[in-house]
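Here is a short report for a reader meeting this structure for the first time. It covers a salt bridge, a chain interface and a helix pair.

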Amino acid sequence: MRLKTSLPKEPKHKELVSCVGWTTADELYSCSEDHQILKWTLLTNETSLVVRLPEDIYPVDLHWFPKTVGAKKQTQAEIYALTSTDGKFHLVSKMGRIEKSVEAHKGAVLAGRWNYDGTALITAGEDGQIKIWSKSGMLRSTLVSQGSPVYSVAWGPDSDRILYSSGRQLIIKPLQPNAKVIQWKAHDGLVLKVDWNSVNDLILSGGEDCKYKVWDSFGRLLHSSSSQDYPVTSLSWAPDGEVFAVGSFNTLRLCDKTGWSYALEKPNTGSVFSLAWSADGTQLAGACGNGHVIFAHVVEQHWEWKNFVITLTKRRTMQVRNVLNDAVDVLEFRDRVIKASLAFDHLVVATSLQCYVYNSRNWNTPLIFDLKEGTISLILQAEKHFLLVDGSGLYTYSYEGRLISTLKFPGMRADILNAQTASLSNDTIAIRDKTDEKVIFLFDAMTGRPIGEGKPLTHKLEVLEIALDQCGPSTERKIALIDKNRDLYLTSVRHLGREPKICKIGSMVHSMAWNDTANILCGIQDDQFTVWYYPSVVFTDKELLPKTIYTKDGSEFARAPHILSYVGAKVTLRQRDGSLVYSSVPIYPALLHEYSASARWEDALRLCRFAKDQHLWACLAGMAMANRDLNTAEMAYAAIKELPRVQYINFIKEQPSKDSSLAHMLMFSGHVQEAEATLLQAGLIYQAIQVNIDLFNWNRALELAVKHKTHVDTVLAYREKFLQKFGRKETNKRFLQYSEGVEVDWEKIQAKIEMELSKEREKAANTTVRSSVASRH
Amino acid sequence: MAKDPLAEAGFYFDELNKLRVLEPEVSQKTSELKEECKEFVDKIGQFQKIVGGLIEMVDELAKEAETEKMKAIGARNLLKSVAKQREAQQQQLQALIAEKKMQLERYRIEYEALSKVESEQNEFIDQFILQK
């Protein structure tokens with residue numbers, strides 16, 4: 001990835017350019033100390049004078065009123081805030097008319113920023129004050145007064161906090177009066193510029209110590225650049241938060257969000273005082289000290305999938321290379337490419353007006369459909385369809401170009417979704433809520449309606465990353481999530497009745513990805529590369545989970561790499577320094593998943609015997625148990641030397657009726673209540689009581705016995721035996737109460753139990769006979 | 001020689017027998033003087049012309065010397081600034097080289113990782129064939 005810059009031969013401004021701002025992706029306004037405001041139209045390559053400002057106005061900063069607010073389009077006429085050295089800010093219309101001038105600060109107004117919904121403007125001055133103004137320019141409050149000038153200010157993602165520079169320090173101040181202020185020393189020199197991205201919630205700062213740094217919103221340092229040759233005079237996040245640009249004297253740099261630099265350009269610009277990205281994130285403009293305005297766009301982005309490598313060679317051209325036969329195809333587009341995604345045999349390209357869908361078997365005839373709104377901010381792909389996210393909503397399209405569903409939910413902020421907070425699978429869409437980060441909304445991908453009576457999934461902590469598994473039937477859909485403590489949890493998406501359990505399967509997980517062909521999860525746990533061969537095992541046999549995890553020493557990777565994709569047996573990771581590394585995962589588990597999905601247990605057993613791998617046996621045990629194939633499960637458990645489990649399976653096999661064995665299988669997975677319910681439903685009261693007795697769940701056993709007026713003496717007898725064994729006295733009031741009226745006679749009880757069992761056997765035999773008779777007819 | 005009464009009256013005849021009031025000798029001297037004066041004026045004029053030319057030439061030379069001097073100063077400054085420019089250029093190139101080096105290092109790591117995957121896969125294939 002690199003920046004392609006263009007700089008006209010002669011500067012259009014006579015003095016230094018102080019600020020630039022985009023209106024659309026093809027139109028830029030620039031202000032200079034020669035009092036001119038110029039409009040640059042990129043489509044026609046024309047520059048025209050909008051207005052010549054009065055001689056006493058030297059502009060410092062320019063910010064356009066935000067265009068879209070959440071999903072709503074702004075109807076108000078387009079205006080921008082222009083701050084100047086005489087302590088005023090001006091609201092200027094698109095035609096250049098100064099609608100309003102407000103006396104704001106003593107000395108120059110160094111920065112002026114609208115918040116994200118356009119309800120407030122913040123200005124920072126040389127006098128060390130920060131003031132908040134209403135949309136019409138009325139003073140709301142003076143937020144900060146300090147002794148040194150405030151060089152730069154930025155809004156937080158929810159517009160409820162601001163970030164500003166104070167000498168060498170950075171300060172985050174919430175707008176609420178008594179909320180906690182975060183303050184830290186950021187640089188060894190004056191901090192000149194800050195920026196805060198709303199999508200990834202990361203902070204950028206650059207200063208006179210010639211460094212730029214990336215922070216998270218708690219002020220923790222994520223990346224610090226090496227010392228550059230010149231002070232950092234400007235920096236700006238791309239709207240999608242994937243990259244940012246840094247400007248200093250004769251320098252323009254493109255960096256990844258983790259801080260490493262993609263490309264460096266050394267144009268003849270003088271100091272770059274201000275940088276601005278267009279709303280679709282494709283164009284970058286810089287205000288240069290020598291009167292130039294520099295334009296740049298990002299080219300040479302790469303997408304890789306299996307044997308295809310796709311490169312964006314020009315703004316409107318892509319090159320597809322098939323590495324197997326070195327065949328090269330060139331794809332041409334009518335407009336600029338904004339976003340692209342390559343996965344599941346399909347390439348989806350969003351340009352400013354249209355969406356192109358290519359099949360990897362045929363690069364000549366794409367499917368083209370028009371887009372309602374221009375700027376696509378995210379494309380997610382699943383095997384059967386893909387999801388487009390633009391400023392106003394989420395749309396699921398099939399690869400044939402048919403609109404399948406449209407998502408709408410209250411409080412939706414589609415513009416700030418990214419691949420970590422939204423996930424797509426063949427039947428489900430998951431989206432993390434923005435206002436309450438503990439909540440995950442789940443939708444049916446086919447209808448766009450919420451799953452499970454509209455009740456979202458709620459975790460106990462803030463969720464950072466979510467991912468849906470890609471394979472298997474929709475009823476088995478699972479979602480993996482990483483919370484604020486970096487713990488990895490797994491839960492099922494669709495459930496009947498009861499709330500699904502959210503099971504923890506890992507801790508210190510920094511990054512994760514599901515496989516595209518099997519439900520295998522990989523992640524970076526602490527410093528290790530970890531693969532959960534069969535994460536769902538946690539729902540059938542929790543203790544088997546550690547045995548199904550495959551770890552690879554992470555020492556071959558640098559600190560905390562990020563997983564980009566997990567396709568087939570290949571995992572692609574991006575290290576902190578930006579280098580791509582690959583890791584291969586054994587292919588057997590994927591095969592095993594395939595066998596288990598098609599219930600080919602014989603083949604599965606053969607595979608495990610061939611591979612001689614404990615992990616694989618453990619997976620097989622879990623899969624067989626989940627699918628209630630007891631013979632296979634028994635063999636698999638035997639292979640991993642889990643003798644108690646083998647015994648229990650044998651016990652289940654010996655159960656007289658189907659209902660009992662089903663109940664015990666549920667017991668095996670720890671679903672006690674379900675097991676009890678199953679037994680009660682089948683009318684096996686004694687068995688249900690016995691299950692509770694076996695679990696020392698005395699109160700429940702007694703309750704059942706009393707309720708069904710049977711086996712009260714059995715419960716009391718077992719209780720007595722239990723107490724005797726431990727040499728304790730009865731203290732439970734209910735037991736004391738019932739033991740008064742009931743006499744315990746072990747012989748009678750044994751006879752009763754025997755009778756119950758034979759009854760069950762008889763019943764089971766009858767049903768088998770009946771079913772065999774039925775099948776004969 | 002008899003005295004000429006005319007001469008006594010102050011009248012003289014010249015060679016062309018015209019009557020004169022000035023003594024021929026004086027007249028001759030006068031005309032001689034006139035001649036000489038004319039010559040002198042001529043000479044002075046010539047001299048002035050020559051001197052003027054000289055001055056002009058010297059002026060021109062001075063001017064030329066001045067421009068040459070300026071040129072020399074300019075060139076000298078340029079030389080100095082070229083050195084500085086080269087330095088800046090060198091710095092720029094160095095920065096670009098450092099960037100490329102970093103990219104190369106990334107590619108090297110990527111290559112290593114891929115080689116490792118390749119060897120792992122070869123090993124797997126060998127093992128697979130052997131076991132079959």
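Which residue forms a salt bridge with A:D61? The partner is A:R113, and the closest N and O atoms are 3.2 Å apart. The model is predicted. A:D61 sits in strand 6 (residues 59-64) of chain A, and A:R113 sits in strand 12 (residues 109-114) of chain A, so the pair ties together parts that are 52 residues apart in sequence. Over all chains, the count comes to 39 salt bridges.

**Between the chains**

Two salt bridges are counted between chain A and chain B. In one salt bridge, the side chain of B:E120 meets that of A:K552. Here are two salt bridges, one within chain A and one between the chains.

| Salt bridge | N to O distance |
|---|---|
| A:D61 with A:R113 | 3.2 Å |
| B:E120 with A:K552 | 3.7 Å |

Seven residue pairs are in polar contact across the interface of chain A and chain B, both residues being at pLDDT 80 or more.

The area buried between chain A and chain B is about 1,900 Å². Carbon and sulfur atoms give 55% of that area. A:K266, A:Y582 and A:F610 supply 29% of the area that chain A buries against chain B, more than any other three residues.

**A helix pair in chain A**

Helix 7 (residues 658-668) of chain A packs with helix 8 (residues 672-681) of chain A. Their axes are 7 Å apart, at an angle of about 170°. Helix 7 and helix 8 of chain A are therefore roughly antiparallel to each other. Helix 7 of chain A makes the contact through A:D659, A:S660, A:L662, A:A663, A:L666 and A:M667. Helix 8 of chain A uses A:V672, A:E674, A:A675, A:T678 and A:L679. The contact of helix 7 with helix 8 of chain A has seven nonpolar, two polar and two charged residues.

Definitions and conventions:
Residues numbered from 1 in each chain as written. Chains lettered and ligands numbered in written order. Predicted model: local features only at pLDDT ≥ 70, side-chain atom pairs only at ≥ 80, totals over all residues. Heavy atoms only, no water. Axes fitted to C-alpha atoms, helices over the stretch in contact; angles between N-to-C directions. Helix = DSSP H or I, 4+ residues; strand = E, 2+ residues; numbered from the N terminus. Parallel < 35°, antiparallel > 145°, perpendicular 65-115°, else oblique. Contact = heavy atoms within 4.5 Å. Nonpolar A, V, L, I, M, F, W, Y, C, P; charged D, E, K, R; others polar. Buried area = accessible area lost by both parts, 1.4 Å probe. Salt bridge = Lys/Arg side-chain N within 4 Å of Asp/Glu carboxyl O. Polar contact = N/O pair within 3.5 Å; in protein donor to acceptor, adjacent residues only side chain to side chain.
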